[in-house]
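Here is a walk through one part of a structure. Please keep the coordinates open while reading.

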Amino acid sequence: MQKWGWLWILLALSSCGERKFPRPDFDSVTFETTEQAKLFFKNVRSYYYEADAYSFPGAEIYRWRARDTDTTKWWVQPVLVIHLNAGQAFLLSERSAAAKAEALPWLYARQTNGQTDSIALEPSSMDQHLAIHIRVYDAIDRGDSLYFKRPNGETSPYLSTRKARDGYHKQVRDFLRLVGNIR
């Protein structure tokens, strides 16, 4: 009898649908982080990342483990950086070699209402790097189709699978948790 109870509970939970988070307040983002937030990230969330603690003195770099690493494909990915001496965390943008050489330096988003938006992929500051990831985060939430474009007009889809979109979302949310914008 008890097995049937657990089965009903699992069935009820599985029918609840996907979990939606409210849109974070990106306007109030500062790059300051706390020791508590860094400790939480290192003990809980860093499992999902590949750490690079030695490339840049005073900074730890984290790349999502389940990311695409094929440099012949077109992609742009967030890279989470914790600057140890300054007490800051920020997101950088890393593009594949193919995306740098063959694609236009923009990521395009075709919205569900038919309009097209573009995101420049050549940032020069931490704020501009963050702006790229905010735009992609919002495009994912809206269900927009993201794609790269060659100079001749040929397109290549980006973040076309649910798993890839969820991974991108989680990386931005981990950054926001590090800088104290979400708990």
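Ala37 is found in helix α2 (residues 35-45); helices here are DSSP runs of H or I with at least four residues, numbered from the N terminus. The model is predicted, so local features need pLDDT of at least 70 and side-chain atom pairs count only at pLDDT 80 or more, while totals for chains, interfaces and linings use all residues. Residues are numbered from 1 along each chain as its sequence is written, and side-chain values use heavy atoms, leaving out hydrogens and water.

Ala37 has a relative accessible area of 14% and is therefore buried, that is, under 20% with a 1.4 Å probe and protein chains only. Leaving aside neighbours within four places in sequence, Ala37 is in contact (heavy atoms within 4.5 Å) with Arg177 and Leu178. Between Ala37 and Phe175 there are 9.9 Å in space, C-alpha to C-alpha, although they are 138 residues apart in sequence.

Phe175 is also one of the buried residues of α5, among them Tyr168, Val172 and Leu176. Helix α5 (residues 162-178) has 17 residues and reaches 24 Å from its first C-alpha to its last, close to the 24 Å expected at 1.5 Å a residue, where the expected span is 1.5 Å times one less than the number of residues. After α5 comes Gly180, with a positive phi near 85°.

On α5, Arg165, Tyr168, His169, Val172, Arg173 and Phe175 meet residues of α4 including Leu130, Val136 and Ile140.

Note on methods
Helix = DSSP H or I, 4+ residues; strand = E, 2+ residues; numbered from the N terminus. Buried < 20%, exposed > 50% of the residue type's maximum accessible area, 1.4 Å probe, protein only.
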